[in-house]
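This note sets out several points for a colleague who is examining the model.

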Amino acid sequence: MKLVLVRHGESIWNKENLFTGWTDVDLSETGEKEAADAGRTLLEQGYDFDFCYTSYLKRAIHTLDHILEEMDRCWLPVVKTWKLNERHYGALQGLNKSETALKYGEEQVKIWRRSFDIAPPFLEETDPRNPALQEQYRQEKSQSGDILPLGESLKDTIERVVPYYNDVILKSMKEGKRVLVAAHGNSIRALVQYFENLKPEEIVDVNIPTGIPLVYEFDEAGKFIKKEYLGDPEAIKSKMEKVAAQGSASKTS
């Protein structure tokens, strides 16, 4: 079995080096091109799909739209779920990463961005950024057992992404469906950590490049066998380094 993961293309706030989280910003022009390029790459390498999953956030939704447009697969069924949303960055959302690093130090920003179980400062419940107060989550308010976050660590993100993968996505794959997931840096990192059984200290330095298809192969039981990125290795390395540098105090927005 194979699973294709694509982190959304560059967003407007990626370009401006802002903490985004659940803020619903769209793709930049570069991000739209990255998404279209991902679709062409998948088509050229012979991939096809039966089912797609994405988040509630438009940068991932529109990335998937561009991919399916390039593949002439706009008719494919798509499931949207907040369980695949980006990690919620709490009160950091909307702040410039470099300015935050200057204020609190690069090490603290790295901890907030890349640590396993340390969450950023939480939002107040009355904050308009609270997802419970936002229209796109209105159907989730009454769902028993699901608590919309005010901030998350990567560990928290894993605790919502991985059960959804096992209960829904993996089940679809075992039924023979060819699956494409368009998601986010941290929701994909959550899956990477789970698939490869990485230790908390190992996942800290894993960086997911924007708009590059990541293909995982599993055995029939769903056990990880191997993975590969599709595309030019040097371009992929450059994108990974760009992601890693986002928390640097010296980076200009």
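1. For the residue classes used below, Ala, Val, Leu, Ile, Met, Phe, Trp, Tyr, Cys and Pro count as nonpolar, Asp, Glu, Lys and Arg as charged, and the others, Gly among them, as polar. The model is predicted, so local features need pLDDT of at least 70 and side-chain atom pairs count only at pLDDT 80 or more, while totals for chains, interfaces and linings use all residues. Residues are numbered from 1 along each chain as its sequence is written, and side-chain values use heavy atoms, with hydrogens and water left out.

2. The structure holds one cavity of 30 Å³ or more. A cavity is a set of points, on a 1 Å grid over the protein atoms alone, where a 1.4 Å probe fits but cannot get out; a pocket is an open set with protein on both sides within 12 Å along at least five of seven lines; lining residues have an atom within 4 Å of a point. Grid points are joined across faces, edges and corners, and a volume is the space filled by probe spheres set on the points.

3. The largest cavity contains about 180 Å³ of space. Its lining has 17 residues, with Arg7, Glu86, Tyr89, Lys97 and Asn186 nearest the centre. By class, the lining of the largest cavity has three nonpolar, seven polar and seven charged residues. Helices here are DSSP runs (H or I, at least four residues), numbered from the N terminus.

4. The largest pocket has a volume of about 230 Å³. Among its 16 lining residues, Trp82, Ile147, Glu152, Asp156 and Arg160 lie nearest the centre. Eight residues of this lining are nonpolar, one is polar and seven are charged.

5. Helix α6 (residues 154-174) and α7 have axes that come within 9 Å and cross at roughly 70°. Axes are lines fitted to C-alpha atoms, for helices over the stretch in contact, and angles run from 0 to 180 degrees between N-to-C directions. That makes α6 roughly perpendicular to α7 (65 to 115 degrees). Contact, meaning heavy atoms within 4.5 Å, involves residues including Leu154, Ile158 and Tyr165 of α6 and Asn186, Leu191 and Phe195 of α7. The residues of this contact divide into nine nonpolar, five polar and one charged.

6. A search of the whole structure finds 13 salt bridges (a side-chain nitrogen of Lys or Arg within 4 Å of a carboxyl oxygen of Asp or Glu). In one of these, the side chains of Lys33 and Asp37 meet at 2.8 Å, N to O. Both residues lie in helix α2 (residues 29-44), four residues apart, about one turn of the helix.

Note on methods
Helix = DSSP H or I, 4+ residues; strand = E, 2+ residues; numbered from the N terminus. Parallel < 35°, antiparallel > 145°, perpendicular 65-115°, else oblique.
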